[in-house]
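Hi,

Here is the structure for you to look at. My notes follow below it.

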Amino acid sequence: MHAAQADTHRLVYVESLTAPQTAIAGQPVSVILSGALPNPNWQLSTCNLARSDHHITISVWTDLAKHGMVVQMLVPFKRSIPIGPLTPGTWTIEAPGYGKSHAETQIEVQ
């Protein structure tokens, strides 16, 4: 990523990641990601899921929608993210965020 792009495209601030404690193999399952955008000039853009052996990393990105003066305040958001169906076992789901923000949870799939 180029330095100029880093100023207009970055990970969201991550506050929490909520998931059901258990799920049924082969059935749809979603998690709830809560976080914040840097200020009202930013908007949610993309959500990427990376899977490896019983591990899912969710990366939610934000883009600078417009330039100009704006009140400097975080803009909270909450998003439901489908991650399944999943195979049986214990799954770890993590969401890295901007700076040191990060959240992690587990789901037991039967």
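**Overall layout**

From the N terminus on, the elements run α-β-β-β-β-β-β-β-β-β. That comes to 1 helix and 9 strands. Helices (H or I, at least four residues) and strands (E, at least two) are DSSP runs, numbered from the N terminus.

This is a predicted model: local features need pLDDT of at least 70, side-chain atom pairs count only at pLDDT 80 or more, and totals for chains, interfaces and linings use all residues. Residues are numbered from 1 along each chain as its sequence is written, and side-chain values use heavy atoms, with hydrogens and water left out.

The C-alpha atoms fill a box of roughly 50 × 25 × 20 Å along the principal axes. Of the 110 residues, 38% are buried. Buried means under 20% relative accessible area, exposed over 50%, and partly exposed in between (1.4 Å probe, protein chains only). The chain exposes about 6400 Å², by the Shrake-Rupley method with a 1.4 Å probe. Carbon and sulfur atoms supply 54% of that area.

Contact means heavy atoms within 4.5 Å. Among contacts with a separation of 6 or more, 68% are between residues 24 or more positions apart.

**Strands and pairing**

Two strands pair if DSSP finds at least two bridges between them. Strand β4 (residues 30-37) and β7 run antiparallel, joined by 8 bridges. L37 has V75 in β7 as its bridge partner.

Now β8 (residues 89-96). It is mostly covered, with 6 of its 8 residues buried. Strand β6 (residues 55-64) pairs with β8 in the parallel sense over 3 bridges. There, I56 has I93 as its bridge partner. Strand β9 (residues 102-109) runs antiparallel to β8, with 8 bridges. I93 stands opposite T105 in β9. β8 and β9 form a hairpin with 5 residues between them. G99 in the turn has a positive phi of about 65°.

**Nonpolar core**

How many residues does the largest nonpolar core have? It has 23. Such a core is a set of buried Ala, Val, Leu, Ile, Met, Phe, Trp, Tyr and Cys residues joined through side-chain atoms within 4.5 Å. L17, V31, L33, I58, I83, I93 and I107 have the most contacts inside it. β2, β4, β6, β7, β8 and β9 each supply at least two of its residues. Leaving aside neighbours within four places in sequence, L17 touches residues including V31, L33, I58 and I93.

H9 is found in strand β1 (residues 9-11). Is H9 buried or exposed? H9 counts as buried because its relative accessible area is 17%. The side chains of H9 and D63 make a polar contact of 2.4 Å. A polar contact is a pair of N or O atoms within 3.5 Å; within protein, one must be able to donate a hydrogen and the other to accept it, and residues adjacent in sequence count only if both atoms are side-chain atoms.

D7 lies in the loop between α1 (3-6) and β1. D7 is exposed, at 56% relative accessibility. Leaving aside neighbours within four places in sequence, D7 is in contact with W42 and L64. D7 and Q21 are 14 residues apart in sequence and 37 Å apart in space, C-alpha to C-alpha.

Best regards
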